[in-house]
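This report describes the sheet, the helices packed on it and a few single residues. Please read it alongside the sequence and the coordinates.

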Amino acid sequence: MAGVFEGVRVIELAQYVYVPGAAVMLADQGAEVIKIEAIDGDPYRTLQVGVPRNLGTINIAMEQNNRNKKSVALDLKSEEGREALLRLVETADVFLTSLRPKAIEALRLGVAELRARNPRIIYVRGNGVGFRGAEANRPGFDASAFWARGGACYAFTRPGQQPTSPRPAYGDPTGSLAIAYGIAAALFKRAMTGEPTVVENSLLSTACWVLSGD
């Protein structure tokens, strides 16, 4: 059976787990996801942690968040690489990125630049602490933005004990679900109205939602 996102093309410019995890759920349901990697690849491919990541020749951590995707390595700092990406954007429904605003600005891959090539593109971005205010360009991984600053560490630490260590990528999949939902909603809105939207999510806002009962 065809997935519900059959015929949707997604261009993913993202690394590690949080944002790629959203695209993998779309790929599981039939979307064509083209992952754009740096020349030396997504750093998650070579990340070393305390447990084995390989099953034979398979990097199971990488596969968990990138299965069913296509991949191409581009040097986006070169005009040739940037133009290759923009030509893919012209054919796509969704552009998905985890790069911080300054990096996107430096690469000239903001909403206006992409919509100049494809006015119907749905622009999706996720990062550690959001896209407004003085901290929009601060780096933020799961352990810092979700676990520590978002309050999960406090919620999972008993009074008087040392802070509980972060679980590996604990908040990333929840953020991935939020982004995937946002993409689905944006595709629906565009189908109903013709209007493309910008979808934003952060690990910090995800933690605020998950821990709202606390």
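## Strand pairing

Two strands are taken to pair if DSSP finds at least two bridges between them. Strand β1 (residues 9–13) and strand β2 (residues 32–37) run parallel and are joined by four bridges. The model is a predicted one. Within this pair, I11 stands opposite I34 of β2.

Strand β1 is also joined to β6 by four bridges, and these two strands run parallel. Here E12 has L96 of β6 as its bridge partner. Four bridges likewise join β6 to β7, again in parallel, and V94 stands opposite I122 in β7.

## The sheet as a whole

Six strands make up an open sheet with parallel pairing, in the order β5-β2-β1-β6-β7-β8. The edges are β5 (70–73) and β8 (198–202); each has a single partner strand, so one side of each is left without a neighbour in the sheet. From one strand to the next, the twist averages 20°.

Which way do the residues of β6 point? V94 and L96 point one way, F95 and T97 point the other way, and all are buried.

## Helices across the sheet

Helix α3 (residues 79–89) lies across β1, β2 and β6 (94–97) and runs at about 150° to β1. Helix α9 (residues 203–210) lies across β7 (122–127) and β8, and its direction is at about 70° to β8.

## Helix α1 and its surroundings

Seven of the nine residues of α1 are buried, so this helix is largely enclosed by the rest of the structure. The buried residues are P20, G21, A22, A23, V24, L26 and A27. What do the buried residues of α1 pack against? They pack against the strands β1, β2 and β6 and the helices α2 and α8. Just after α1, G30 takes a positive phi of about 100°.

## The packing of α1 and α8

Two packed helices are described by the angle between their axes and the distance between the axes. For helix α1 (residues 20–28) and helix α8 (residues 172–193), the angle is about 55° and the axes are 7 Å apart. The crossing of α1 and α8 is right-handed.

On the α1 side, the contact is made by G21, A22, M25 and L26. On the α8 side, S176, L177, I179, A180 and I183 take part. Of the residues in this contact between α1 and α8, seven are nonpolar, two are polar and none is charged.

Is A61 buried or exposed? Buried means under 20% relative accessible area, and A61, at 12% relative accessibility, therefore counts as buried. A61 is placed in helix α2 (residues 60–66). The C-alpha atoms of A61 and V17 are separated by 9.0 Å, although the two residues are 44 residues apart along the chain.

E37 lies in strand β2. At 5% relative accessibility, E37 counts as buried. Which residues is E37 in contact with, leaving aside its neighbours within four places in sequence? E37 is in contact with D42, R45, M62, S71, V72, A73 and L74.

Notes. Residues are numbered from 1 along each chain as its sequence is written. This is a predicted model: local features need pLDDT of at least 70, side-chain atom pairs count only at pLDDT 80 or more; totals for chains, interfaces and linings use all residues. Side-chain values use heavy atoms; hydrogens and water are left out. Axes are lines fitted to C-alpha atoms, for helices over the stretch in contact, and angles run from 0 to 180 degrees between N-to-C directions. A crossing is left-handed if the near helix is turned anticlockwise from the far one by less than a right angle, and right-handed if clockwise. Contact means heavy atoms within 4.5 Å. Ala, Val, Leu, Ile, Met, Phe, Trp, Tyr, Cys and Pro count as nonpolar, Asp, Glu, Lys and Arg as charged, and the others, Gly among them, as polar. Buried means under 20% relative accessible area, exposed over 50%, partly exposed in between (1.4 Å probe, protein chains only).
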